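Here is a friendly walk through a two-chain model, written for someone who would rather look than calculate. Please keep the structure open while you read.

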Amino acid sequence: MSESNQPFSLEAHMQELRNILSQMQSGNLDFDTNIKLFTRGAEVIEACRTYLDSAELSVKKLVGGSEADFAEEEGR
Amino acid sequence: MGLGRIFVTMEVGKPFKVSEFTFLIQRKLQEEAAFQNAKLIGEVSNLRPPNASGHVYFTLKDSQAQISCAMFRQVALKHTGKLPGNGEEVVVTGDLSLYPPQGSYQLIVRSLERVGMEGLLHKRFLDLKAKLQAEGLFDTSRKRKIPSMPRCIAVVTSPTGAVIRDIIQTVRRRFPHITLLVLPTVVQGAQGAESIVSNLVAIQSRQDVDVVILARGGGSLEDLWCFNEEVVARAIAGSRIPVVSAVGHETDFTIADFVADLRAATPTAAAELCVPDVSVIQRELDDAKLKLKRTLQFFVLNKRQQLDDYEYKLQVRFENLMDVKRQVLKESFNQMEHAFWTQLQRARHDISMLEAQMNSLDLRQVLDRGFTLTELDGKRITRLSDLEPGQQITSHFSKGRIHSTVDDIQTHE
């Protein structure tokens, strides 16, 4: 997939994952394709998790800092 | 009768000299209190003008008796120009005196009052007063207000004497900037009324004159008479300019006083009534200035406090507004955060579900358990009927694959 320029899209990756699954569930894939799809699926899952982890971390940073920000504003 | 008693006390036999006898009479006359400072009423007759020494002689009489009177120079001077006429009734005060050279007695006059004239004048005064009063000339409603700050005061009075001097001094002392217009006026005698009237009329054309003072010093009813003349009263009543009168002493009232817009007890009082006191005005101005200053200070202080108030309220309002905004922002943020976590959880859950499904489809796990997967020309073989002997097939194992040829096909029945 194109991960280079465009921003990461969770929804697009999830859709890809669902496509991979439906292909695998159809049952008439050759073994190699199956393996390839599985490998790609695992990659996509990993990418999604990484994305979610980083999103969580940045939000946690944001929330942690926000309390201080509000307090500072009230002190003015 | 007194003489009779004198005779009784005399020695009989020895004759008196005429002069001795006369002096005796003279002494007795002087000793008798009734003859000293006696007051007599009678008619004047045989009055002669003052002689070379200034003495005046006349006879006082009634229907049954008469007595010679002598008015010496000092007393006569007081009556210059207004000596009673013959036949006029007068009251004379004096001392009885004997004049030895002529053997006559006479009254040495100390003072003389013209009873008839006074009475006549008094009646005329009362008649005119009643007449003018009936016409309404004395009505309070006719009285005009004396201006509090006149530009020019006309003074109708004699140009000499205490009256004009008092007025000028009073005006100069109280308010030096006021113009005094002195109209030299005859205020006594035959020309008095005419002089007063002509001056009162003359002032009317002067636009700068705001008030008139009509004044004269004290005197007898006769002296003040011109102020009781009808023409004078009418001239005052007809004056366009308010008139303040100050005629005679405080106890004297003339027709002019009744007609005037204001009566002052004395010329000085008249000037005081017409002229404001500059020192009083100065004090009033100072007071007003101070009051103004205080008012202004108070005003400024008040405004300053209002401003402070507004500033404080504005600040409080601003703070409140900021608090509300902050609260809203905080709530929005909390909502957003909550939404985020929900979303994240859902995404993680979805991914886990997909992963589980994917894992369940992983063929390698099946191979790991000892199964194999057979393909013919890249297509998975699930039924033996799809195969024929001699065909090349590929079998996938957990760790690799094998290629083989189908020799024989046996189906389980």
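Where in chain B is B:Ala265 found? B:Ala265 is in the loop between E10 and helix H9 (267-274) of chain B; helices (H or I, at least four residues) and strands (E, at least two) are DSSP runs, numbered from the N terminus. With 15 C-beta neighbours inside 10 Å, B:Ala265 counts as partly exposed. The cut-offs behind that word are simple: a residue is buried if 20 or more other C-beta atoms lie within 10 Å of its own, exposed if 12 or fewer, and partly exposed in between, with C-beta atoms placed from the backbone. Although B:Ala265 and B:Ala246 are 19 residues apart along the chain, their C-alpha atoms are separated by 6.0 Å.

**How to read the model**

This is a predicted model, in which local features need pLDDT of at least 70, side-chain atom pairs count only at pLDDT 80 or more, and totals for chains, interfaces and linings use all residues. Residues are numbered from 1 along each chain as its sequence is written, while chains are lettered from A and ligands numbered from 1 in the order in which they are written.

The model scores ipTM 0.75 and pTM 0.45.

Two stretches call for some care. In chain B, pLDDT stays under 50 over residues 1-6, and in chain A it stays under 50 over residues 71-76. Where pLDDT is low, the predicted coordinates should not be read in detail.

**The parallel sheet of chain B**

In chain B, five strands form an open sheet in the order E7-E6-E8-E9-E10, with parallel pairing; two strands pair if DSSP finds at least two bridges between them. Strand E7 (179-184) and strand E10 (262-263) of chain B are at the edges with a single partner strand each, so one side of each has no neighbour in the sheet.

E6(B) and E7(B) are paired in the parallel sense over six bridges, and B:Val155 stands opposite B:Val182 in E7(B). Going from E6(B) to E7(B), the chain passes through H5(B) in a right-handed β-α-β crossover. Right-handed here means that, with the strands pointing away from the viewer, the path from the first strand over the helix to the second runs clockwise.

Helix H5 (residues 162-174) of chain B lies across strand E6 (152-157), E7 and E8 of chain B, and runs at about 165 degrees to E6(B). For such angles, axes are lines fitted to C-alpha atoms, for helices over the stretch in contact, and the angles run from 0 to 180 degrees between N-to-C directions.

Further along the sheet, strand E8 (residues 209-216) and strand E9 (residues 243-247) of chain B run parallel and are joined by five bridges. There, B:Ile213 has B:Val244 in E9(B) as its bridge partner.

**The antiparallel sheet of chain B**

Another open sheet has four strands in the order E12-E11-E13-E14 of chain B, with antiparallel pairing. E12 and strand E14 (401-405) of chain B are its edge strands, each pairing on one side only. Strand E13 (residues 392-396) of chain B pairs with E14(B) over five bridges in the antiparallel sense, with B:Gln392 opposite B:Thr405.

The loop between E11 and E12 of chain B holds B:Asp377, which has a positive phi of about 50 degrees although it is not a glycine. B:Asp377 is exposed, with 10 other C-beta atoms within 10 Å.

**Where the chains meet**

How many residues of chain B are in contact with chain A? The contact involves 23 residues of chain B and 25 residues of chain A, where contact means that the C-beta atoms of two residues, placed from the backbone, lie within 7 Å. On the chain B side, helix H10 (278-360), strand E11 (373-376) and strand E12 (379-380) each supply at least two residues. The largest share, 14 residues, comes from H10(B).

Technical notes
pLDDT = per-residue confidence, 0-100.
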